[in-house]
Amino acid sequence: MKKSSLKEKFMHYLGAEIWIEYKACLYSYCIMVFYCAFLLFRRIYQARILILSEMVIAAYFMGYVQVYLLKNFDESDRLGKHEILSILLCSFLYTLISYILSWFGRSLPATGLFFLFMLFSFGCVYLVNKIRRAYDTRNLNKMLAEFKKGEGK
């Protein structure tokens with residue numbers, strides 16, 4: 001195996017791990033916001049550290065699923081069948097994990113609301129990523145135009 005090929009594979013792996021870290025932070029934050037709102041609604045002013053830890057671990061696990069099994073669907077340019085099915089699947093899996101681990105006391109209304117919240121979260125993340133890509137593209141095109149102007153001198 002060539003040295004450059006090994007380096008390329010390592011960089012690809014490292015890039016995937018960075019995306020997983022990004023997703024884990026983003027989605028665990030979304031889940032914790034819902035959990036804290038759930039607790040406040042019930043007039044509970046303390047969160048359980050074990051549940052918060054489970055949420056972070058679940059977000060990391062789901063990050064691997066999203067990147068390696070579901071083709072990083074929330075980074076897609078368009079919202080097609082694959083992306084919609086992936087959003088539904090991930091929302092369902094998060095909801096199933098929340099029910100099994102009793103994050104919301106196995107309350108069916110809270111769990112159902114959590115499923116809808118996760119659908120909303122995935123939709124928001126998709127839109128934010130799309131806006132970020134458009135902004136990055138505009139900046140790269142501007143930099144390229146400036147580089148071409150400087151090259152002609």
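Tutor: Contact here means heavy atoms within 4.5 Å. Please keep in mind that this is a predicted model.

Student: Which residues does T95 touch, not counting residues up to four places away in sequence?

Tutor: T95 lies in helix α3. The residue is buried, because its relative accessible area of 11% falls under the 20% limit. Leaving aside residues up to four places away in sequence, its contacts are T111, F114 and F115.

Student: How many salt bridges does the rule give?

Tutor: The rule asks for a side-chain nitrogen of Lys or Arg within 4 Å of a carboxyl oxygen of Asp or Glu. Counted in this way, the salt bridges number five.

Student: How many residues apart in sequence are the parts that D74 and K23 tie together?

Tutor: D74 and K23 form a salt bridge, with their closest N and O atoms 2.4 Å apart. D74 belongs to the loop between α2 (49-69) and α3 (81-100), while K23 belongs to helix α1 (residues 3-41), so the pair joins parts whose separation in sequence is 51 residues.

Student: Is K23 buried or exposed?

Tutor: A residue counts as buried when its relative accessible area is under 20%. D74, the partner in the salt bridge, has a value of 2% and is buried. For K23 the relative accessibility is 0%, and K23 is therefore buried.

Student: Where does R132, the salt-bridge partner of E75, lie?

Tutor: The closest N and O atoms of E75 and R132 are 2.8 Å apart, and the two form a salt bridge. This pair links distant parts of the chain, 57 residues apart: E75 is in the loop between α2 and α3, and R132 is in helix α4 (residues 108-151). E75 is buried at 15% relative accessibility, whereas R132, at 29%, is partly exposed. The location asked for is helix α4.

Student: Is D77 buried or exposed?

Tutor: D77 meets R133 in a salt bridge, at 3.1 Å from N to O. The pair joins the loop between α2 and α3, where D77 lies, to helix α4, which holds R133, across 56 residues. R133 has a relative accessible area of 17% and is buried. D77, by contrast, has 57% relative accessibility, and the limit is over 50%, so D77 is exposed.

Student: Which residues are linked in a network of salt bridges?

Tutor: The pair E75 and R132 and the pair R133 and D77 both take part in this network. The linked residues are E75, D77, R132, R133 and D136.

Technical notes
Residues are numbered from 1 along each chain as its sequence is written. This is a predicted model: local features need pLDDT of at least 70, side-chain atom pairs count only at pLDDT 80 or more; totals for chains, interfaces and linings use all residues. Side-chain values use heavy atoms; hydrogens and water are left out. Helices (H or I, at least four residues) and strands (E, at least two) are DSSP runs, numbered from the N terminus. Buried means under 20% relative accessible area, exposed over 50%, partly exposed in between (1.4 Å probe, protein chains only).
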